[in-house]
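Have the model open beside you and go through the points in order.

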Amino acid sequence: MKAHIVLAHPEQKSFNGHLSATSQRILGNQGFQTTLSDLYGMDFDPREGPQHYSSRKDSDVFHVQTEQRFNADNETIPSDVSSEMQRLMDCDLLVVHFPLWWFGMPAILKGWMDRVFVYGRMYRSVMRYDTGICSGKKMIACVTTGASEDNCAHNGREGDTHLHLWPILFPFRYLGFDVLEPQILHGVGGVAFIEGHDDGLSTIETYTNRWIETLDKHSTRPLIKYNADSDFDGAKRLIAGAPVHSPFVRHNPKAVSD
Ligand SMILES: Cc1cc2nc3c(=O)[nH]c(=O)nc-3n(C[C@H](O)[C@H](O)[C@H](O)COP(=O)(O)O)c2cc1C
């Protein structure tokens, strides 16, 4: 069994750096062969663009999906990307560590997705969602927020972190992963921490232990529920009577009949 860990944080000594080292240790103890992509440590370039492609289908206009597919078909994907793709293909479990930055993921992680989730190799129209290339693999995100748990609750001022994470995790479902309920650790090293006031701050020991427990029980952790492909019609609209799992997909309230 192989586990691949992705760390999106500029500092190894950070909370996230510590948690990713914990993942390596605990999953190793469980018998996983582990690999780590420390995106900052690798100096991973998150900017998709023509500078990465020496071979082009269209040397005049750079169209990302056209060039990704062309280079996938010709086995000329940039080496930093192909090694990341290989790690995704090899792993049974993917663990992604990142802090919430401006209610989203750090740019380096977004860029890693833009470049590594290569059109033509990692997905295409007939190979996504239920038929995604990563079907059968599991993925979990471990996310820290500076704001407190109350502040990040469904009625909290900063908004429900689960909602903020939905579009971040959905690309993994798009590739076919079974996405586990994320681990969210609040009140870590944010404004309250720097300014020295107690706003639901928590300790590294508490959170490390919580994360270890999650890793130890990951095989029974609930999955995020997603709609099946068969819940949508030919135009990719939700069919009448289908359940709704995404906060971004709703039955059309104005439709007279579906
Ligand atoms: C650029 C930036 C943006 C941030 N945005 C948020 C945010 O939107 N919500 C939040 O709760 N914390 C935010 N924070 C605080 C971080 O989430 C917090 O410092 C981090 O989770 C602590 O983990 P670390 O020690 O591994 O960095 C932000 C921090 C930075 C540097």
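1. Start with Val95, which stands opposite Ile140 in strand E4 (residues 138-144). Strands count as paired here if DSSP finds at least two bridges between them. To get from E3 to E4 the chain passes through helix H4 (residues 107-116), and this β-α-β crossover is right-handed. Right-handed means that, with the strands pointing away from you, the path from the first strand over the helix to the second runs clockwise.

2. A quick word on what you're looking at. This is a predicted model, in which local features need pLDDT of at least 70 and side-chain atom pairs count only at pLDDT 80 or more, while totals for chains, interfaces and linings use all residues. Residues are numbered from 1 along each chain as its sequence is written. Helices (H or I, at least four residues) and strands (E, at least two) are DSSP runs, numbered from the N terminus.

3. Is E4 buried or exposed? Seven of its seven residues are buried. Buried means 20 or more other C-beta atoms within 10 Å of the residue's own, exposed means 12 or fewer, and partly exposed is in between, with C-beta atoms placed from the backbone. In a regular strand the side chains alternate between the two faces of the sheet. In E4 both faces are covered, with Lys138, Ile140, Cys142 and Thr144 on one side and Met139, Ala141 and Val143 on the other.

4. Now go to strand E1 (residues 2-7), where five of the six residues are buried. Together with helix H1 (residues 15-29), E1 and E2 make a right-handed β-α-β unit.

5. Which residues come nearest to the ligand? Of the 17 around it, they are Phe15, Pro99, Thr144, Gly146 and Ala147. Being near means having a C-beta atom, placed from the backbone, within 6 Å. The shell divides into eight nonpolar, eight polar and one charged.

6. Two loop residues deserve a look. Glu75, in the loop between helix H2 (64-73) and helix H3 (79-90), has a positive phi near 55° without being a glycine. Glu75 is exposed, with 9 other C-beta atoms within 10 Å. Phe103, in the loop between E3 and H4, isn't a glycine either, yet its phi is positive at about 60°. Phe103 is partly exposed, with 14 other C-beta atoms within 10 Å.

7. Last, the domains. The assignment, which is automatic or from a database, gives domain 1 (2-226) and domain 2 (230-258). Their C-alpha centres lie 29 Å apart.

Key:
Nonpolar A, V, L, I, M, F, W, Y, C, P; charged D, E, K, R; others polar.
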